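Let us walk through this structure together, one piece at a time. Please have the sequence and the 3D view open as you read.

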Protein chains: 4
Amino acid sequence: LQQNAKASVINSLILAGNAFYSRNWVLGSSGSLSAVVSRDPFQFVITQRGAHKGELTDADFLQLDELGKPCEPCLDLPSETAVHRAMIVEFGAQAVLHTRSVWSMVLSDLYANAGGLTLDGLEMLSGQSSGKIDQEAEWVPILENDHDPGTLSRLIAAQFRSRRPIHAILMRKSGLYTWGQNVAEAVRYVESSEFLLEVFGRRLHILTQIDLSEKSDKCI
Amino acid sequence: LQQNAKASVINSLILAGNAFYSRNWVLGSSGSLSAVVSRDPFQFVITQRGAHKGELTDADFLQLDELGKPCEPCLDLPSETAVHRAMIVEFGAQAVLHTRSVWSMVLSDLYANAGGLTLDGLEMLSGQSSGKIDQEAEWVPILENDHDPGTLSRLIAAQFRSRRPIHAILMRKSGLYTWGQNVAEAVRYVESSEFLLEVFGRRLHILTQIDLSEKSDKCI
Amino acid sequence: LQQNAKASVINSLILAGNAFYSRNWVLGSSGSLSAVVSRDPFQFVITQRGAHKGELTDADFLQLDELGKPCEPCLDLPSETAVHRAMIVEFGAQAVLHTRSVWSMVLSDLYANAGGLTLDGLEMLSGQSSGKIDQEAEWVPILENDHDPGTLSRLIAAQFRSRRPIHAILMRKSGLYTWGQNVAEAVRYVESSEFLLEVFGRRLHILTQIDLSEKSDKCI
Amino acid sequence: LQQNAKASVINSLILAGNAFYSRNWVLGSSGSLSAVVSRDPFQFVITQRGAHKGELTDADFLQLDELGKPCEPCLDLPSETAVHRAMIVEFGAQAVLHTRSVWSMVLSDLYANAGGLTLDGLEMLSGQSSGKIDQEAEWVPILENDHDPGTLSRLIAAQFRSRRPIHAILMRKSGLYTWGQNVAEAVRYVESSEFLLEVFGRRLHILTQIDLSEKSDKCI
């Protein structure tokens with residue numbers, strides 16, 4: 001049964017990797033994908049270091065316990081393992097997806113000093129909102145990437161306990177982390193977040209260039 | 001017979017959803033697609049709330065009557081239902097497609113205060129024009145998204161009765177609505193509108209940066 | 001035999017249409033594709049008005065004689081027929097491809113007053129150059145789109161007789177025309193031209209924003 | 001055995017060509033791909049001049065010896081052959097991939113006077129790093145493209161002997177060269193380099209437009 005659960009989440013992660021690769025969100029061997037297989041005993045799987053997310057097979061996944069230690073000795077843990085583990089433990093996430101898009105790279109660096117940025121409509125886009133048409137702005141924190149795993153885990157836990165609900169975290173110069181109650185939900189948060197980051201970036205281009213009050217009513 | 005008609009429009013909407021998803025126009029679970037099955041009795045189908053437009057199946061469609069009420073009790077109506085219904089009733093549309101592209105998000109917000117923007121060549125691009133080479137500019141209204149369904153429906157009806165013929169409406173921070181006499185025609189208006197919105201946005205980038213009269217005759 | 005030649009060029013044009021559609025160069029029902037079937041008697045085929053270039057079938061092609069008249073009475077000639085015919089007659093082209101990309105729309109308008117723009121390396125990119133590493137800049141004329149067919153044909157003929165060899169023409173707000181000794185060669189000129197137009201446009205964005213002499217030696 | 005090795009590297013290069021074409025990195029007939037078949041006797045294969053990288057077959061590859069001479073007389077050597085040969089000989093590369101993306105074209109020209117540019121995280125992205133989270137900036141030299149083959153080879157050799165390890169070279173107005181111990185590794189460097197060049201270019205757009213210290217803490 002556990003084997004079926006494991007095969008099922010791995011298959012979902014492989015499909016997610018293919019989809020993200022086709023959208024240029026995990027080029028090179030960037031990104032990392034994880035999901036919980038069972039909570040008791042606690043086990044989760046994660047893509048091993050250097051695996052190409054557009055060509056994943058079963059052999060690219062490592063199985064880990066609650067402390068983030070591999071069930072079998074291995075040296076190929078991705079450096080992001082502590083981040084995945086913290087999100088699974090602190091947020092109760094069943095799946096954690098890390099992508100490295102152009103816009104998440106650019107904006108996570110430009111807004112690092114501000115500690116984050118605000119995206120409109122993340123909840124709604126992901127099909128998780130209460131259905132009201134008006135969209136609420138949502139805070140996306142940006143964490144520095146140069147901490148040791150223990151510090152990073154504590155910073156993530158602190159985000160979870162903050163008053164603002166969050167559905168995505170940017171790691172400076174390293175990209176986006178989102179999560180969900182299953183791989184499908186986490187995939188929607190990736191798509192919605194990446195979409196809104198691109199909207200944010202392109203809007204930034206234009207906003208600073210024109211005085212819209214003068215031009216907006218003319219035909220351009 | 002009605003069942004055949006229903007299966008046929010649903011199939012066309014599924015193909016449209018796949019195509020829009022591959023172009024990043026309905027990421028997350030954004031967007032909504034509808035089409036008329038019959039006018040008498042009046043029935044139309046619409047994608048249910050939260051359905052992923054890149055993975056639609058028959059089960060993702062709800063059947064509604066003229067008032068926009070589901071034929072069977074259900075709670076999954078998308079929040080955009082009133083907009084679809086109004087366009088079907090007021091414009092006589094047989095299909096209404098709502099996409100959420102990066103450019104429609106950016107421009108629907110930047111030009112909201114102007115009440116709309118002007119696109120060149122929408123009719124011609126969609127293969128619906130009289131064939132003259134000269135292209136006429138066409139007004140695309142931008143409506144605020146935070147009204148109740150009844151108000152939105154009245155605003156849409158008002159657009160239809162205005163002197164200017166329109167083939168697309170932007171909803172602020174929510175994206176594009178187009179329609180047609182069948183799904184294929186509506187798809188062409190989506191493609192043409194999204195294309196022209198991107199042209200509009202990229203032109204805006206450049207226009208405000210350079211004094212073309214000085215530079216345009218040099219080799220750059 | 002002639003039937004085989006006709007089937008062969010139509011098949012090549014269908015494949016080109018699919019490829020251009022996937023790259024967003026013929027969205028809506030924009031663009032037009034033509035090729036010579038035989039020179040004696042003179043016959044060429046062209047996509048009919050309003051045909052969607054991503055879904056072409058044999059039935060979407062019209063057969064025309066040297067004057068650009070259809071061999072059978074029909075009313076669906078695309079408005080660009082005179083342009084295609086002129087290029088086939090004046091330049092000796094065997095295939096003429098018209099695409100409508102975002103960048104060709106933006107730049108054909110911005111540089112219309114200059115009469116054209118200069119692209120680096122068009123010959124080389126298309127695999128047609130003599131093989132020298134140094135790339136020669138090539139002039140791409142921009143013609144106004146609002147002339148009658150006869151005037152347009154004369155303007156195109158004039159371009160052909162100018163001292164500068166050209167491999168592409170932009171029509172203002174209407175996109176790109178290229179041609180070749182067969183469909184495959186013309187496709188390469190489309191790809192090379194569209195690529196270089198994007199390079200031109202993105203370079204324009206950056207060039208006017210920064211003083212490179214100050215910044216280029218720093219790590220950014 | 002040697003035939004198997006040859007068939008295997010050619011197959012890997014064909015797949016790489018298809019992937020690069022779908023990402024618009026080898027449009028027209030641009031780009032060139034090579035790989036070592038054996039070191040003793042020394043033989044490598046390279047795509048012939050003018051071959052379209054999205055439609056490669058076995059017949060598009062030429063076999064060359066250590067001096068870069070074809071094993072059979074032929075006139076179709078790509079002009080970039082000397083560059084490929086130098087990288088194979090000087091860097092010990094087993095595969096060399098040359099792509100021509102929009103961003104490598106734009107940036108190789110803008111930063112030519114600076115002699116190169118610095119990319120963050122190239123090693124890490126390619127799955128080749130030591131696994132530390134902090135990313136080291138890496139220098140990407142830009143060489144002028146208008147030298148004779150002998151000079152170019154010496155310039156490349158000089159880069160290899162410099163103190164800074166490099167994993168990519170830009171050729172001015174001609175694009176990117178990367179290499180690896182096999183085709184798969186070289187493909188990852190292409191993906192990582194092209195990704196980081198796009199990040200670099202888009203960041204450049206924004207950086208020079210806004211005073212982030214003022215705006216970054218506001219919701220935009």
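Two strands count as paired if DSSP finds at least two bridges between them. Helices (H or I, at least four residues) and strands (E, at least two) are DSSP runs, numbered from the N terminus. The model is predicted: local features need pLDDT of at least 70, side-chain atom pairs count only at pLDDT 80 or more, and totals for chains, interfaces and linings use all residues. Residues are numbered from 1 along each chain as its sequence is written, chains are lettered from A and ligands numbered from 1 in the order in which they are written, and side-chain values use heavy atoms, with hydrogens and water left out.

Let us begin with chain B. Strand 4 (residues 95-99) and strand 8 (residues 175-180) of chain B are antiparallel partners, joined over five bridges. To find this pair in the view, look for B:V96, which faces B:W179 in strand 8 of chain B. Both strands belong to an open sheet of eight strands in chain B, with the order 3-2-1-4-8-7-6-5 and mixed pairing. At its edges are strand 3 (61-64) and strand 5 (116-120) of chain B, each of which pairs on one side only. On average, neighbouring strands of this sheet are turned by 20° against each other, direction ignored. For such angles, axes are lines fitted to C-alpha atoms, for helices over the stretch in contact, and the values run from 0 to 180 degrees between N-to-C directions.

Helices lie on this sheet too. Helix 2 (residues 81-90) of chain B lies across several strands, among them strand 1 (32-39) of chain B, to which it runs at about 45°. Helix 6 (residues 183-207) of chain B also packs on the sheet, and its direction makes about 145° with that of strand 8 of chain B.

Now turn to chain A. Here an open sheet of eight strands has the order 3-2-1-4-8-7-6-5, again with mixed pairing. Strand 3 (61-64) and strand 5 of chain A each have a single partner strand, so one side of each lacks a neighbour in the sheet. Strand 1 (residues 32-39) and strand 2 (residues 42-47) of chain A pair in the antiparallel sense over five bridges, with A:V36 opposite A:F44.

Where does strand 6 (residues 137-143) of chain A sit? It is largely enclosed by the rest of the structure, because six of its seven residues are buried (under 20% relative accessible area, with exposed over 50% and partly exposed in between, using a 1.4 Å probe and protein chains only). Five bridges link it to strand 5 (residues 116-120) of chain A, and these two run antiparallel. Two bridges join strand 6 of chain A to strand 7 (residues 168-171) of chain A, and this pair is parallel. There, A:L143 stands opposite A:M171. From strand 6 of chain A the chain passes through helix 5 (residues 149-161) to strand 7 in a right-handed β-α-β crossover: with the strands pointing away from the viewer, the path from the first strand over the helix to the second runs clockwise.

Within helix 5 of chain A you will find A:A158. This residue is partly exposed, with a relative accessible area of 42%. A:A158 and A:E90 are 68 residues apart in sequence and 9.2 Å apart in space, C-alpha to C-alpha.

Note on methods
Contact = heavy atoms within 4.5 Å.
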